[in-house]
Amino acid sequence: TTTTTTTASSSAGVAAAAVAGVVGARASEGDAVLRQQSTTSLAADAREAVNAAVAKKCGDRFIALRDCGDDEKRCADAAIALQHCVATLVCPSEAVAFQRACAADGDNERAEQTYAAMDACLARFADSSPS
């Protein structure tokens, strides 16, 4: 539907933002410089690990989204496929629930609910990632 297409298209940016960052611990202002450097290094390492995992697992879906052209359905499908792929890495339970709901014939309402939950999880992940 148009709502799903619009949501999927706008959510593609959320998926891309989730890929760009990773949840990392931040040292408080009172921590020693050594701890801050160690935390920064760990956050960078974690970010690199997530980016590498996403690139390896979801690279073809990024390409499909990039190459979808002006075809709204094709672009929406590509955006949802990318979101699902990223979610399998950062929101696995939501990704599985969405996949199962999509596999269930005729339960569009459940598919929409699980998509919304998966999308919200990706948004939380993106919001909690360091800049």
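Aspartate 77 and lysine 73 lie four residues apart in helix α3, so about one helical turn separates them. In this predicted model, their side chains meet in a salt bridge, with an N to O distance of 2.8 Å. Aspartate 77 is partly exposed, at a relative accessible area of 40%, whereas lysine 73 is exposed, at 54%.

Side chains of opposite charge can pair when their charged atoms come close.

## The other salt bridges

The structure holds three salt bridges. One of them joins aspartate 67 to arginine 66, and the closest N and O atoms are 2.8 Å apart. Arginine 66 has a relative accessible area of 62% and is exposed; aspartate 67, at 37%, counts as partly exposed.

Another links aspartate 60 with arginine 61, where the closest N and O atoms are 3.1 Å apart. Arginine 61 is partly exposed, its relative accessible area being 28%.

## The largest nonpolar core

In soluble globular proteins, nonpolar side chains tend to be buried together. Here the largest nonpolar core comprises 15 residues, of which Cys58, Val86, Ala87 and Met118 touch the most other members. At least two residues of this core come from each of the helices α2 (33-66), α3 (72-90), α4 (92-103) and α5 (108-128). Helix α3 gives the most, with five residues.

Alanine 87 touches Pro92, Ala95, Met118 and Leu122, when residues up to four places away in sequence are not counted.

Notes
Residues are numbered from 1 along each chain as its sequence is written. This is a predicted model: local features need pLDDT of at least 70, side-chain atom pairs count only at pLDDT 80 or more; totals for chains, interfaces and linings use all residues. Side-chain values use heavy atoms; hydrogens and water are left out. A nonpolar core is a set of buried Ala, Val, Leu, Ile, Met, Phe, Trp, Tyr and Cys residues joined through side-chain atoms within 4.5 Å. Buried means under 20% relative accessible area, exposed over 50%, partly exposed in between (1.4 Å probe, protein chains only). Contact means heavy atoms within 4.5 Å. A salt bridge is a side-chain nitrogen of Lys or Arg within 4 Å of a carboxyl oxygen of Asp or Glu.
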